[in-house]
Amino acid sequence: MRKATSLGVASLGQMAPAPATAVTRWTWAGAKVTCMASSPADLTRIRTRVGAELDAFIARPPRQLADTRPDLAPCAEAIADLLTGGKRLRAAFCYWGWRACGGADGPEIFAAAAALEMLHASALVHDDVMDASDTRRGQPAVHKRFAARHAAAGWPSWAKKRASA
């Protein structure tokens, strides 16, 4: 390997400039590679920005539901609870994949990463139903929360309805 003289990856065309924390650039097999000085993944900043996007999204449905469908408020609460916490590694992979392909560091990528977190949350609900899991992150799984609400309200369960049909 030898020291490179410019930023970016020559073989990929236009690239975003390397962050200010970049300290070493190497050329290997015709491509220029940038090494980071500290916090290479910047997970704290990504987690914070994606969390803010999720918080903004979560705040919208309760306001809208209160006006149109207040009976759906428990759904918004379940979504908010499921999206709270987490390492946000999928969001970081999304962000750094975007940046590696030359994408800019802007609000759009954090919105996309938040959407990926929401997609994953829906997959967790599905997984818990398919595996008949009782809990998720130490709390009742979403389907168990709603089963308890149905039982408390005296509504028949889906399984009972299906058995009597």
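A salt bridge is a side-chain nitrogen of Lys or Arg within 4 Å of a carboxyl oxygen of Asp or Glu. The side chains of Arg69 and Asp71 meet this description, with N and O 2.8 Å apart. Arg69, at 42% relative accessibility, counts as partly exposed, and Asp71, at 49%, is likewise partly exposed. Here buried stands for under 20% relative accessible area, exposed for over 50%, and partly exposed for what lies in between, computed with a 1.4 Å probe on protein chains only.

The model is predicted, so local features need pLDDT of at least 70 and side-chain atom pairs count only at pLDDT 80 or more, while totals for chains, interfaces and linings use all residues. Residues are numbered from 1 along each chain as its sequence is written, and side-chain values use heavy atoms, with hydrogens and water left out.

The protein chain has six helices and five strands. These elements are DSSP runs numbered from the N terminus, helices being H or I with at least four residues and strands being E with at least two. Along the sequence they follow the order β-β-β-α-α-α-α-β-β-α-α. The chain has 165 residues, of which 22% count as buried. Among contacts (heavy atoms within 4.5 Å) with a separation of 6 or more, 51% are between residues 24 or more positions apart.

Ten salt bridges are found in the whole structure. In one of them Asp105 pairs with Arg45, the closest N and O atoms being 2.7 Å apart. Asp105 sits in the loop between helix H3 (89–100) and H4, and Arg45 in helix H1 (residues 43–68), so this pair ties together parts that are 60 residues apart in sequence. Asp105 is partly exposed at 36% relative accessibility, and Arg45 is partly exposed at 27%. Both belong to a network of salt bridges that links Asp42, Arg45, Arg99 and Asp105.

Another salt bridge joins Arg88 and Glu117, with 3.3 Å between the closest N and O atoms. Arg88 lies in the loop between H2 and H3, and Glu117 lies in helix H4, so parts 29 residues apart in sequence are tied together. Arg88 is buried, with a relative accessible area of 8%, and Glu117 is buried at 4%.

H4 gives the most, with four residues. A cavity is a set of points on a 1 Å grid over the protein atoms alone where a 1.4 Å probe fits but cannot get out, and lining residues have an atom within 4 Å of a point.

The structure holds one cavity of 30 Å³ or more, and the volume of the largest cavity is about 70 Å³. Grid points are joined across faces, edges and corners, and a volume is the space filled by probe spheres set on the points. The lining divides into four nonpolar, three polar and five charged residues. In this division Ala, Val, Leu, Ile, Met, Phe, Trp, Tyr, Cys and Pro are nonpolar, Asp, Glu, Lys and Arg are charged, and the others, Gly among them, are polar.

Conventions:
1 Å grid on protein atoms, 1.4 Å probe; cavity = no way out; pocket = protein on both sides within 12 Å on 5 of 7 lines; lining within 4 Å.
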